[in-house]
Amino acid sequence: AKVTGRPGGITMNNKTRALVRIVQEICSEKDIHCTSFSHNWILKLTKDDRSGIIFGYNFGLNSSSSAALCKDKCAASEVLAHSRIPHIPHHLFVSPDDAHQIDQTGSWEKLYRLLEEYGAAACKPNEGAGGDSVWKVRTRFELEKAAQEIFRHFRAMALSPYFEIKTEYRAVVLDGEVKLIYAKQLPTVTGDGKSSLFDLLLAYRKNNSLVSNPEFSPQELNRIPAAGEECRLSWKFNLAQGARPAVLEMSSIHYPILAGLARNAAQALAMRFCSVDIADTESGYRVMEVNSGVMMECFALFSEDNYRAAKGIYEEAILLMLNL
């Protein structure tokens, strides 16, 4: 993975994940034995007669069914809807090779109907993560291209209405208590009234790293933004793709609303330890998805304060997992 929390980016492999380093530090401090398997992707923690497994970013606190539910975006969307929790709905479409398993006779008519209803949509793998293979579509041609690409690599696609998101937040919940909320700030350039967007982007890239290429048309790149105008360089709020974290203080007027929504979402999906992604849209706050794997990799590497915050949360989860 390429981490770009700091200017210039940080390249790391699985053996040097921040989570691994954090867990090893906690185990050393708490006299817990840590055994690594599969290139540090699996960590077995043992103390006295107690043991627990960390698989990737999944701790042994959630049930297997709840974790599977969170991984399935469309299934989680149905449960959130049933619980009347404001969320971004996701509609399931299975690849033609597997459509017989759910008696799906065809997808295009419904896909076209949803696109017409929403005007713009987001298409993504139903069980994907990290913002990869996510498409914004406005026309039938774009929709067909997105579906074709997703079905080429994945068994199922999720389609949701596209929202213009003001800010995206991530809340980390542990046993019904919100431990952390941070905003994901998109990279931007500021117009000077003279330079084209293309020139501003070139200047930005001299001192900053972008994981994914901004999606601009030639007309947009040639446009000269007004002086003081902020131009977003991406519509994806993933930290691994260039967004930056900003911790939300509990004194913020937004904190109680976001925390309540995150707690309700975790409870609806029967999750003990999870992260909840929430979008601030024109129609209010909406849950985007709930993640059973609590990944704070880019967040922790952004600053020493963030690292300590992530370590504190992981330490609580480990102690609960081992009943210490």
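The report below goes from the overall fold to single side chains.

**Basis**

This is a predicted model, in which local features need pLDDT of at least 70, side-chain atom pairs count only at pLDDT 80 or more, and totals for chains, interfaces and linings use all residues. Residues are numbered from 1 along each chain as its sequence is written, and side-chain values use heavy atoms, with hydrogens and water left out.

**Overall fold**

The protein has ten helices and 16 strands. Both kinds of element are DSSP runs numbered from the N terminus: helices are H or I with at least four residues, strands are E with at least two. Of the 324 residues, 48% count as buried. Buried means under 20% relative accessible area, exposed means over 50%, and partly exposed lies in between, with a 1.4 Å probe and protein chains only. Contact means heavy atoms within 4.5 Å. Among contacts between residues at least 6 apart in sequence, 66% join residues at least 24 apart.

**The three-stranded sheet**

S3, S4 and S5 form an open sheet in the order S3-S4-S5, with antiparallel pairing. Two strands pair if DSSP finds at least two bridges between them. Strand S3 (33–37) and S5 are the edge strands, each pairing on one side only. From one strand to the next, the twist averages 20°. S3 and S4 run antiparallel and are joined by five bridges. Within this pairing, Ser36 stands opposite Leu43 in S4.

Two helices pack here. H1 touches S3, S4 and S5, and its direction makes about 10° with that of S4. H10 touches S4 and S5, at about 135° to the direction of S5. Axes are lines fitted to C-alpha atoms, for helices over the stretch in contact, and angles run from 0 to 180 degrees between N-to-C directions.

**The four-stranded sheet**

A further open sheet has four strands in the order S6-S9-S7-S8, and its pairing is antiparallel. Strand S7 (residues 121–125) pairs with S8 in the antiparallel sense over three bridges. Ala121 stands opposite Val137 in S8.

Helix H4 (residues 108–118) packs on this sheet. H4 touches S6, S7, S8 and strand S9 (156–161), and its direction makes about 25° with that of S9. Helix H5 (residues 140–153) lies across S6, S7, S8 and S9, running at about 155° to S8.

**Nonpolar cores**

A nonpolar core is a set of buried Ala, Val, Leu, Ile, Met, Phe, Trp, Tyr and Cys residues joined through side-chain atoms within 4.5 Å. The largest one has 31 residues. Those with the most contacts inside it are Leu45, Ile54, Phe59, Phe273, Met296, Tyr314 and Ile318. Elements that each supply at least two of its residues include helix H1 (18–30), strand S4 (42–47) and helix H10 (304–321). H10 gives the largest share, seven residues. A second, separate core of 26 residues includes Leu80, Ala262, Ala266 and Val287.

What does Ile54 touch, leaving aside its neighbours within four places in sequence? Its contacts are Leu19, Val23, Trp41, Ile42, Leu43, Leu45, Phe59, Ile318 and Met321.

**Aromatic and charged contacts**

The structure holds six aromatic pairs. Rings of Phe, Tyr and Trp (its six-membered ring) pair if their centres lie within 6.5 Å; planes under 30 degrees apart count as stacked, over 60 as edge-to-face and the rest as tilted. Two of the pairs are tabulated.

| Pair | Centre distance | Plane angle | Class |
|---|---|---|---|
| Phe59 and Phe273 | 5.3 Å | 80° | edge-to-face |
| Tyr169 and Tyr285 | 6.2 Å | 70° | edge-to-face |

Phe59 lies in the loop between strand S5 (50–55) and helix H2 (64–71), Phe273 in strand S15 (residues 273–281), 214 residues apart. Phe59 and Phe273 are buried. With Tyr314, they form one aromatic cluster.

Tyr169 lies in strand S10 and Tyr285 in strand S16 (residues 284–291), so this pair ties together parts 116 residues apart in sequence. Tyr169 counts as buried at 7% relative accessibility, and Tyr285 at 16%.

Charges also meet rings. The charged end of Arg17 sits over the ring of Tyr57, 4.8 Å from its centre. Arg140 lies over the face of Tyr112, at 3.9 Å from the ring centre. The criterion is NZ of Lys or CZ of Arg within 6 Å of the ring centre and within 35 degrees of the ring normal.
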